[in-house]
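Visitor: I'd like to learn how to read charge pairs and helix packing in a model like this one. Could you walk me through it?

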Amino acid sequence: MKTKIKEYRARYNLTQEKLAEIVKVRRETILFVEQGKYVPSLKLAYDIARALKVKIEEIFFFE
Amino acid sequence: MNVKTYLFLRLLIIISLAMIVSNSIILGNFFLPVIAMIAAMLFLWASKKKVKAILHDEFDYKVAGDSARYSIFIYTIISAVLGIYFMANRGQNQNYELLGSIFSYSACFLLILQSLIFKYLRSKNYKNIKNED
């Protein structure tokens, strides 16, 4: 799985820590999701998309 | 309370608990470690509630599930092998039969417990899904 979280984070000037705080997970989880090492639950994916003000399909890609 | 303070407190409690339990074993006291364990659990539970930061999330739960599965698998294999070994060589030492039984039955008990909890959790989730329908 690939993500565009990093790009969108940069756009909104959000750190991993800040995003983690918004979606109520640990910073390491954001890091693993960002690197594509962990496929998040639908709820977490939805929360991340909402925090970054985009649709889920715009930041998560399955190859 | 921040995460660092909580982790330091947790470490302190674990060290204290280990000291109390080991001393109680030496002294032959049964109630002291039980009381200490309950007190430690309550204290940790109360201090955990005061931590505002996220300590565990869905990724941790997934990793915990995977590690539990591997632990059960490894423990069962080792216990079964040791159980068979001790049972097969019970003629060499009179305690081997007892050891073999302990290893074999503990592996069986763990598997039964795991399957019961698995069935319970699955049926509970299934009921929740049915209720939502």
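Guide: Let's start with A:Asp47, which is buried, with a relative accessible area of 16%. Bear in mind that this is a predicted model.

Visitor: Which residue forms a salt bridge with A:Asp47?

Guide: The general idea comes before the case. Side chains of opposite charge can pair when their charged atoms come close. Here the partner is A:Lys43, with the closest N and O atoms 2.8 Å apart. Both residues sit in helix H4 (residues 42-51) of chain A, 4 residues apart, or about one turn of the helix.

Visitor: Is A:Lys43 buried or exposed?

Guide: Exposed: A:Lys43 has 59% relative accessibility, whereas A:Asp47 counts as buried at 16%.

Visitor: Where do B:Lys62 and B:Asp66 lie?

Guide: In helix H3 of chain B, again 4 residues apart, about one turn of the helix.

Visitor: Now the packing. What describes two packed helices?

Guide: The angle between their axes and the distance between those axes. In chain B, take helix H1 (residues 3-27) and helix H2 (residues 31-50): they pack at about 175°, with axes 9 Å apart. Angles over 145 degrees count as roughly antiparallel, and H1(B) and H2(B) are therefore roughly antiparallel to each other.

Visitor: Which residues meet in that contact?

Guide: From H1(B), they include B:Leu9, B:Ile13, B:Leu17 and B:Ile20. On the H2(B) side, B:Ala36, B:Met37, B:Phe43 and B:Leu44 are among them. The residues of this contact divide into 13 nonpolar, 2 polar and 2 charged.

Visitor: One last stop, A:Arg9: buried or exposed?

Guide: Buried, at 10% relative accessibility. A:Arg9 lies in helix H1 (residues 5-11) of chain A. Setting aside neighbours within four places in sequence, its contacts include A:Leu14, A:Gln16, A:Glu34 and A:Leu52.

Key. Residues numbered from 1 in each chain as written. Chains lettered and ligands numbered in written order. Predicted model: local features only at pLDDT ≥ 70, side-chain atom pairs only at ≥ 80, totals over all residues. Heavy atoms only, no water. Axes fitted to C-alpha atoms, helices over the stretch in contact; angles between N-to-C directions. Helix = DSSP H or I, 4+ residues; strand = E, 2+ residues; numbered from the N terminus. Parallel < 35°, antiparallel > 145°, perpendicular 65-115°, else oblique. Contact = heavy atoms within 4.5 Å. Nonpolar A, V, L, I, M, F, W, Y, C, P; charged D, E, K, R; others polar. Buried < 20%, exposed > 50% of the residue type's maximum accessible area, 1.4 Å probe, protein only. Salt bridge = Lys/Arg side-chain N within 4 Å of Asp/Glu carboxyl O.
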